[in-house]
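Thanks for coming, everyone. Let me put today's structure on the screen, and then we'll walk through it together.

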Amino acid sequence: MSTNPTATGEGPVGRPLDRVDAHPKVTGAARYAAEIPLPGLTHAVLVGARVAHGRITAINASEAEQAEGVLAVLTHDSIGKIAGQPPLLPSLAGGPAPGETFFPMQSDRVHYAGQHIAVVVADTYDRALHASHLVRVEYAEEPSVTVLDQARDQAYEPEAIFAGFVPGRSERGDVTAGLAEATTTVDRVYSFAPNHHNPIETSATTAYWEGDRLTLHDATQGVTATQHTVAALLGIPHSRVRVVSPYTGGSFGAKAMVWHHPTLAALAARAVGRPVRLALTREQMFTSCGHREEQEHHVTLGADDQGRLTAVRHHKLSPTSPFDHWAEPSLALSGHLYACPNYEGVYRLIRANTSTPTFMRCPGEATGLFALETALDELAERIGVDPLELRLRNYAETDPATGHPWSSNGLRECYQAGADRIGWHRRAQPPRRDGHWLLGLGMATAAYPVYAPNNPVRARARIYADGMATVQAAVTDIGTGVLTAMTQVAAETLGLPVDRCRFEGGDTDLPHAAAAVGSAGAGMVSAAVHTACVELRSKLIARAVADPASPLHGADPTRITVTDGRMAHADNPGTGETYSELLQRQFLPDVEATGSWGPPPHDAPFGMLTFGAQFAEVAVDPELGLVRVRRMAGAFAPGRVLNAKTARSQLMGGMIWGVGQALLEASHMEPGTGRWANASLGEYLVAVHADTPEIDIDLIEVEDTVVNPLGVKGVGEIGQSGAAAAIANAIHHATGHHFSKLPITIEDVLATSGAPSA
Ligand code: MOS
């Protein structure tokens with residue numbers, strides 16, 4: 001760990017402050033959505049369809065209804081019709097999900113295995129669970145499609161993916177001409193297993209009604225998104241729905257979109273007239289809150305004899321649900337990252353009997369960059385140029401898609417820092433060995449878009465007469481540390497020590513700032529918090545200089561500084577008074593300000609990407625097929641860092657997910673039944689401590705005056721971007737073999753090493 005680009009040595013911003021919510025989390029005092037104690041609480045358990053496609057011909061709930069403690073069994077016959085679809089807004093803006101339009105239990109149709117077909121409510125969880133097994137269902141099953149191999153011939157090219165926000169095809173120049181003029185080409189098909197998020201906290205909602213007012217304690221990435229979606233589905237004003245989510249126990253995209261269970265919990269609570277807790281099981285998480293879809297990428301690169309790209313063609317094929325044209329935006333970077341005049345990106349979809357896929361950890365870039373960056377590795381090998389040198393030869397001085405300057409960059413410095421850290425100059429050809437282990441070094445570029453909503457973000461700041469501050473914005477902390485970072489921003493802007501600032505989020509009763517999605521939470525919310533706190537501080541200074549009783553009376557407000565809650569004249573620090581003295585003298589219990597900040601428009605004339613570079617060293621045992629990641633070095637330029645410790649944790653977490661993506665993570669769909677065969681943490685492998693190498697992280701300082709007031713570009717996802725590609729490229733260096741499917745398993749390595757495979 002090295003430099004922190006923001007620590008000025010003075011204010012709290014940038015310091016490695018411990019999490020403000022560490023104590024309640026460690027002691028268990030923090031209550032998550034499934035832990036809210038309420039008088040008269042009841043428990044709902046969902047029943048999932050057992051076929052992948054067909055019709056329910058009979059559903060008999062009488063045995064379940066008569067079981068002990070059961071209060072209600074809701075089916076498509078009894079639950080009633082939803083009022084309507086929520087307006088389609090990107091969840092970043094706080095609205096509901098684009099492109100996930102299905103709501104279950106509205107007819108007898110079954111579109112995918114696990115689709116919710118009944119809700120059983122009982123006085124205890126165990127009784128509800130027991131009764132859920134007593135719901136008797138008969139189906140008329142129909143043939144299903146659940147994997148690409150079953151329906152390649154049915155692929156179609158959508159005009160746009162997720163509800164029109166991303167075009168199905170994007171082009172510039174002439175890719176055919178670019179390939180014709182190339183002296184070297186690489187043409188490869190990559191395949192990716194589906195993935196599931198698997199946060200530790202399974203999704204849950206506790207719902208209760210007070211008259212016509214609904215309160216939901218929900219595990220979500222965005223309280224406003226849940227509020228708008230549930231209100232629209234129920235046909236009630238969204239002002240009558242309050243969503244509370246002070247703690248969310250991990251998510252990785254699983255809680256970004258608003259799935260069916262919060263609304264089902266609200267409907268169940270209305271049906272039984274009591275509070276309802278609805279917690280998904282781990283197995284239900286595999287069919288109830290999306291997944292990263294299976295996908296196949298076809299990448300064709302053309303380059304001249306110097307390795308300069310003449311063409312990039314990137315086509316993606318993936319299964320979507322029966323309802324929505326969903327694909328994670330895997331092609332988002334292929335047209336932006338390198339200087340290349342000719343580009344073509346095309347999404348193709350097939351309709352499949354699965355729930356709609358969704359965002360997952362570095363959505364799009366994790367897969368898209370894997371394909372692009374391993375193809376570049378192959379190109380480097382063919383041309384005989386060092387892989388890092390190849391990237392530098394294709395370095396994009398401006399955004400190649402628009403010609404606009406970058407809002408900030410830092411990529412060259414990231415390459416340099418990461419290369420120094422891993423010892424790239426040691427990269428020997430042929431690679432070295434360590435006993436029977438083959439060693440390899442690989443690298444890849446990391447990048448992630450800087451997203452911003454179209455609408456303003458807001459926050460509220462208040463100073464009390466006792467000198468304490470409370471600052472609020474409706475953002476949820478999904479484990480990122482945003483509550484801590486916002487405390488630091490508020491304290492620094494108001495000129496207070498952090499222990500006199502309290503930041504509150506996770507509640508729709510607070511001003512709307514941003515959902516914790518797209519790595520944009522810290523950037524957006526810090527903009528709102530900063531603006532509100534500047535406003536409040538100005539108000540207080542204005543009061544002091546206008547007050548004949550203040551020592552600052554008549555002073556120039558621009559010459560006043562605030563330290564430790566004391567306003568003082570910059571030229572004469574002995575003259576001043578505290579916020580508290582001012583408020584007490586003026587008989588004010590508190591002073592409050594709201595700040596609003598509008599993000600740059602989407603057509604702002606800047607390319608806005610966060611850049612980084614990933615390096616990995618691996619050891620491969622060709623006889624046993626083992627791959628061990630020995631070291632990783634990541635260098636990132638995420639703009640201003642608000643908290644050096646939580647930022648580093650986020651980046652490291654992303655890199656560790658990269659290890660999982662490269663070597664472990666796969667959801668296995670059973671084509672006959674349409675069910676996920678490994679829907680448990682026992683069988684869905686994620687990287688654990690034993691898989692995690694030594695990780696170095698360098699933060700490269702870049703100043704960005706475009707993206708938001710504090711220049712925060714975000715650290716949420718860039719840590720995973722390019723990480724799996726660096727590992728695969730290191731495996732290629734070690735073994736000489738290009739692996740083009742993820743995860744790279746023991747069997748895959750054995751199959752290429754001549755050893756007998758399983
Ligand atoms: Mo995140 S995967 O953009 O919710």
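Let's start with the layout. Domain 1 brings 15 residues to the contact, and domain 2 brings 17.

How much area is buried between domain 1 and domain 2? About 1300 Å². Carbon and sulfur atoms give 61% of that. Look at the side of domain 1 that touches domain 2: seven residues are nonpolar, six are polar and two are charged. Across this interface, zero salt bridges turn up. Polar contact does occur there, in three residue pairs.

Now, confidence. This is a predicted model. The mean pLDDT of the chain is 94, and 96% of residues reach 70 or more. Residues 1-8 are another story: their pLDDT is below 50. That stretch still has 23 contacts in the model beyond near neighbours in sequence. Where pLDDT is low, the predicted coordinates should not be read in detail.

On to the backbone. Which residues does a cis peptide bond join? Gln429 and Pro430, with omega at about 0°. Pro430 sits in the loop between helix H10 (411-422) and strand E18 (433-434). Leu742 and Pro743 are also joined by a cis bond, with omega about -5°. Find Pro743 in the loop between strand E32 (741-742) and helix H16 (746-752).

Last stop: Cys362. Its phi is near 60°, a positive value in a residue other than glycine. Cys362 lies in the loop between strand E17 (343-351) and helix H8 (365-383).

Technical notes. Residues numbered from 1 in each chain as written. Predicted model: local features only at pLDDT ≥ 70, side-chain atom pairs only at ≥ 80, totals over all residues. Heavy atoms only, no water. Contact = heavy atoms within 4.5 Å. Buried area = accessible area lost by both parts, 1.4 Å probe. Salt bridge = Lys/Arg side-chain N within 4 Å of Asp/Glu carboxyl O. Polar contact = N/O pair within 3.5 Å; in protein donor to acceptor, adjacent residues only side chain to side chain. Nonpolar A, V, L, I, M, F, W, Y, C, P; charged D, E, K, R; others polar. pLDDT = per-residue confidence, 0-100. Helix = DSSP H or I, 4+ residues; strand = E, 2+ residues; numbered from the N terminus.
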